[in-house]
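Me: Got a chain here to go through with you. Can we take it piece by piece?

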Amino acid sequence: MFESPSLSIVTTRPISLRDYAKPVAACAASHVEHVVRANSRASASGDGGGSGGGGGVDVFAHSWNPELGRFYDEQYAPYLRASLHEPFEFDGKEKSRSQALS
């Protein structure tokens with residue numbers, strides 16, 4: 001059975017938008033360009049498999065940071081269909097409950 005790697009970062013200070021802005025924006029831009037737009041182009045040209053009728057990609061976002069939820073959502077607009085930004089639950093165990101659910 002394959003277990004996906006995970007990484008937890010615990011900090012004693014609040015994490016600000018500035019701390020996450022650059023990497024989140026870079027990841028979102030890459031996802032939009034290389035997955036969403038690439039799929040839309042392939043569908044429009046008939047190279048996307050199926051009937052070539054243009055399916056596209058629906059984007060759903062999830063994070064453990066409700067304070068930055070709006071920023072995450074803005075990075076994926078107008079492709080975002082739904083999002084959920086839950087509070088991080090840390091109970092002192094090796095893996096938090098929220099991380100174990102992801």
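Me: Start with N65. Buried or exposed?
Reply: Buried. This is a predicted model, and in it N65 has 12% relative accessibility. The cut-off for buried is under 20%, so N65 counts as buried.

Me: Where is N65 found?
Reply: In the loop between β1 and α2.

Me: And what is N65 in contact with, leaving aside its neighbours within four places in sequence?
Reply: Y20, H85 and E86.

Me: Zoom out. What pattern does the protein chain follow along the sequence?
Reply: α-β-α-β-α. That is three helices and two strands.

Me: How do the strands β1 and β2 run, parallel or antiparallel?
Reply: Parallel. Five bridges join β1, residues 59-63, to β2, residues 80-85. A61 stands opposite S83 in β2.

Me: Which hand does the β-α-β unit have?
Reply: Right-handed. The unit is made of β1, helix α2 and β2, with α2 spanning residues 69-76.

Me: Stay on α2. Which of its residues are buried?
Reply: G69, F71, Y72 and Y76. Seen down the axis of α2, these buried residues fall within an arc of 165°, so they line one face of the helix.

Me: What do the buried residues of α2 pack against?
Reply: Both strands, β1 and β2, plus helix α1, which covers 17-45.

Me: Back to S83 in strand β2. What is its relative accessible area?
Reply: 32%. Buried would need under 20% and exposed over 50%, so S83 is partly exposed.

Me: What does S83 touch, not counting residues up to four places away in sequence?
Reply: A61 and D73. The D73 side chain also makes a polar contact of 3.0 Å with the side chain of S83.

Me: How far apart are S83 and S63 in space?
Reply: 8.4 Å, C-alpha to C-alpha. In sequence they are 20 residues apart.

Me: Now the whole chain. How much of it counts as buried?
Reply: 18% of the 102 residues.

Me: And what is the accessible surface?
Reply: About 7700 Å². Carbon and sulfur atoms hold 55% of that.

Me: Last one. What share of the contacts with a separation of 6 or more comes from residues 24 or more positions apart?
Reply: 36% in this protein chain.

Notes
Residues numbered from 1 in each chain as written. Predicted model: local features only at pLDDT ≥ 70, side-chain atom pairs only at ≥ 80, totals over all residues. Heavy atoms only, no water. Helix = DSSP H or I, 4+ residues; strand = E, 2+ residues; numbered from the N terminus. Buried < 20%, exposed > 50% of the residue type's maximum accessible area, 1.4 Å probe, protein only. Contact = heavy atoms within 4.5 Å. Areas by Shrake-Rupley, 256 points an atom, 1.4 Å probe, with all protein chains shown as cover. Pairing = 2+ DSSP bridges. Right-handed = clockwise from strand over helix to strand, strands pointing away. Arc of directions from axis to C-beta. Polar contact = N/O pair within 3.5 Å; in protein donor to acceptor, adjacent residues only side chain to side chain.
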